[in-house]
Amino acid sequence: MTADPRLVPIVEYFATRSWQPLTFQAETWTAYLAGRSGLVQVPTGSGKTYAAVMGAIAEMIANPTPGLQLLYITPLRALSRDIEQAIKAPIEAMGWGITVESRTGDTSSARKTKQLKNMPNILITTPESLAVMLSYKDGKKRFETLQGVILDEWHELMSSKRGTQAELCLGYLRSLQPSLRTWAISATLGNLEEAAQTAVGLGAEPVIIRSNLKRDTVIKSIRPESVDTFPWAGHLGLRMFETLVEALDIEKSTLIFTNTRNQAERWYQALNFALPEEGDRIALHHGSIDVKEREAIEAGVKSGDIKWIVCTSSLDLGVDFQPVERVVQIGSAKNLARLLQRAGRSAHVPEGTSEVFFLPTNALELLEISAFRRGLELGDMETRRPRHKPYDVLVQHLVTLACGDGFEPQKTLENLRQTVAYADLTNEEYQWILDFIENGGQCLGAYPRYKKVVREDGLFKVSDAKLARTHRMGIGTITSNTPVKIVYTNRKEIGTVEESFVSRLKKGDVFFFAGRQLEYFQMKDMVLYVKGTRKKSTVTPTWGGGQLAISDTLSHHLRREVERVRFSFEEAVPKLLSASDNADSLPIASSTGETRSPHSPAIKDLSGAPLLKGGRGNLWESPNDEILTITPILEAQQRLSTLPTADELLVESCKTREGQHLYVFPFEGRFVHEGLGFLWGYRFAKQKTATFTISVNDYGFEILGPKGYPYQNLFSSDFFSLENLEDDIRASLNISELTQRKFRGVAQVAGLVFKGYPGSRKTSSQLQVSTSLLYEVFTKYEPDNLLLKQAEREVLQDQLETHRLAKTLSRLDQRSVVWKDTKRPSPLAFPLLVERLNSRMSNETLLERIQRMKDQWDRK
């Protein structure tokens, strides 16, 4: 198979398992042994772990050396257990005498201390744990034998601050060991070259290895028997739990993915209600459940004792569940890569066929799944970009190095410029950061706690042991609401929820968590003590994180899908009219049995058989079942307004008792629409002053103004202008409030606020007060503070996606605008109206308000 004799032990091990090394595995081993760095992109479950590590293991067998040889960096602690077992299996089976250990937040303090003194040959860790190791003295000695680094699930890490943290740590390790090899592993990624270069640094030319394995993904949609002509977000979902139970088999191992933890809790309750006798074979898994319970659930899936597991993104990545036969996605995954990743959890073997069932929470999501299919057929995939100069991560990193062996400023700057994230870091920016960590910058010099480093013999170091301790406790880039532990009164831990949820509860309140009914007993020192109860409740915790938005790639296919439906409608009617001399007298019935115009695609022929159900009599070019299911909605949209082509921008206007509504449908995703809605509201108000209410979803946005507001008369091509775009966005939004919120996270990462010691953590309100004071000081006395500028940049780029917004405006400017005055909100507009209603306080339930509106319209 290979000429390199060092690979003989690896091939021999594969032979004992009746395996043949796959081409991409052999290519990766050879490249590693030749001293190259690069990226491997293969489908999930294709043997990527062995592709990554076996070259390094072959080298260790041929040249046994004490100390750390290989670092394996994984984004999730949960993955480290599986990876450790997978790597240990051949080593123990063949007696190779190589030591393998993990080091994550779950590792005991005693083991961590022992590892610092005596490193294993292979260490599996996370970006945060690696950074903590660099904060201890003697790092040079600890890592001097290191030969290689593996970056697992690089597509997940790269575009986050954790990816930047990994870049910085690797840059430092390369300064200690210039011949260090880096290999990134990714299952799903669009911009491979950029991802590879980010992983290996700017000083190396990466090798990119792709597999030729064919892995099919079969998507089956679980469709409602009938749909409401006017759908809205969440109107299906849990109403279809019985349909889902009928479609699945409790004997088949199944992962049921939801997009939020709250949704996971509710679906777990529903499935237990539907199958009470199978309660011990259905489990719930998300990141807030205690780690020991998650481990027990994962073990249950592997052993076959647990058959259905309701989960979130906590199981998106590499946990190896070979027994899993199928995957269910509740609601749209909003992203091609995410759906493919989740689908890959089933048939987790090379060239297996992944089976994913899709259950919509909104009938219009069936349109999205049709777009998913088309995108996957064409091999399209989202790109993920590395972060650009996050100053907070750099501040933390430099203090981390200062806690360890210290750093020499000029050499460190050269290393930083070898990373993609900081390639264009200017001398002025670097000097500002050095001054900030040494002297507290312009504003904080009077406070010793902000003077973190001192110069000693040309090196920046942290000389205060207490300051070094507090810094280590704050290392990391994940910021969120302060978690509150949930513990039984007998001290058994259940998991964590956010403080904002607990603050709404009082003693005696009952809520669902981790599939249990729990009663609030008392709150003490950020620990919520609870008791099990049988009292009824419908309260489920909510977590931060907001809603997912459709990706740029999916939005492109969604626009094309809408266009296909429109053209299908236009082709269907002439064909039908030519089928009879008197087409208007044809007995046409809808799916609900009511008489319908010939323009409806739910048309039946004289025998009552549907003409649009596929087969030779099909009037559509190639309709799929999802489109056929939502035909009543699409037909109503075409009848009341229109379905836009990909070259058209649909704008609808209608008047209700609330005022004058403007509905705009770019199909670009909720984050882009949020920016567009406020931008257009501002540009309208500049011409004629008014107060507007904005609501958004993935398909469009609504601007609600006073009755008779002349939207169309005021509209012009200036609304697509890129001139003064960021200034207009700042003026249209309360940008300072958004920036202040974003600054809380930036301040935490940069180490400006201390979360407290374990057992006495600060509350969210205490952290908020601390960061608010800093924000006010910087805004008033140092408006050019880089951390302040970064917070605003993150609002504009991450929250409002101004880069996509600018592209969208340019794209919309090329489309023809189709204005439609409607008597009532169309099926596409209705979800936007409901989105706004849902945020209002009322003594009516949302369903009651929706039904009342529909009754009013029907009477008209």
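Modeller: Let us begin with a definition: axes are lines fitted to C-alpha atoms, for helices over the stretch in contact, and angles run from 0 to 180 degrees between N-to-C directions. Two packed helices are described by the angle between their axes and the distance between the axes. Please note that this is a predicted model. Here, helix α14 (residues 336–343) and helix α15 (residues 365–377) cross at roughly 85°, and their axes come within 10 Å.

Colleague: What are α14 and α15 to each other, roughly perpendicular or oblique?

Modeller: Angles of 65 to 115 degrees count as roughly perpendicular, and α14 and α15 are therefore roughly perpendicular to each other. On the α14 side, Leu336, Leu339 and Leu340 meet Ile369, Phe372, Gly375 and Leu376 of α15. By class, this contact of α14 with α15 comprises six nonpolar residues, one polar and no charged.

Colleague: At what angle do helix α6 and helix α9 pack?

Modeller: Helix α6 (residues 127–134) packs against helix α9 (residues 161–176) at about 40°, with the axes 9 Å apart. The two helices, α6 and α9, are therefore oblique to each other. Their crossing is left-handed. From α6 the contact draws on Pro127, Glu128, Leu130, Ala131 and Leu134, and from α9 on Arg162, Gln165, Cys169, Tyr172 and Leu173. Seven nonpolar, one polar and two charged residues make up the contact of α6 with α9.

Colleague: Which hand has the crossing of α17 and α18, left or right?

Modeller: The crossing of α17 and α18 is right-handed. Helix α17 (residues 409–416) and helix α18 (residues 427–439) pack at about 125°, with their axes 12 Å apart. That angle makes α17 oblique to α18. Pro409, Thr412, Leu413 and Leu416 of α17 meet Asn427, Tyr430 and Leu434 of α18. The contact of α17 with α18 holds five nonpolar residues, two polar and no charged.

Colleague: What pLDDT does the protein average?

Modeller: The average is 84, and 85% of the residues score at least 70. Over residues 579–623, however, the pLDDT is below 50, although this stretch has 64 contacts in the model beyond near neighbours in sequence. Where pLDDT is low, the predicted coordinates should not be read in detail.

Note on methods: Residues are numbered from 1 along each chain as its sequence is written. This is a predicted model: local features need pLDDT of at least 70, side-chain atom pairs count only at pLDDT 80 or more; totals for chains, interfaces and linings use all residues. Side-chain values use heavy atoms; hydrogens and water are left out. Helices (H or I, at least four residues) and strands (E, at least two) are DSSP runs, numbered from the N terminus. Angles under 35 degrees count as roughly parallel, over 145 as roughly antiparallel, 65 to 115 as roughly perpendicular and the rest as oblique. A crossing is left-handed if the near helix is turned anticlockwise from the far one by less than a right angle, and right-handed if clockwise. Contact means heavy atoms within 4.5 Å. Ala, Val, Leu, Ile, Met, Phe, Trp, Tyr, Cys and Pro count as nonpolar, Asp, Glu, Lys and Arg as charged, and the others, Gly among them, as polar. pLDDT is the predictor's confidence in each residue, from 0 to 100.
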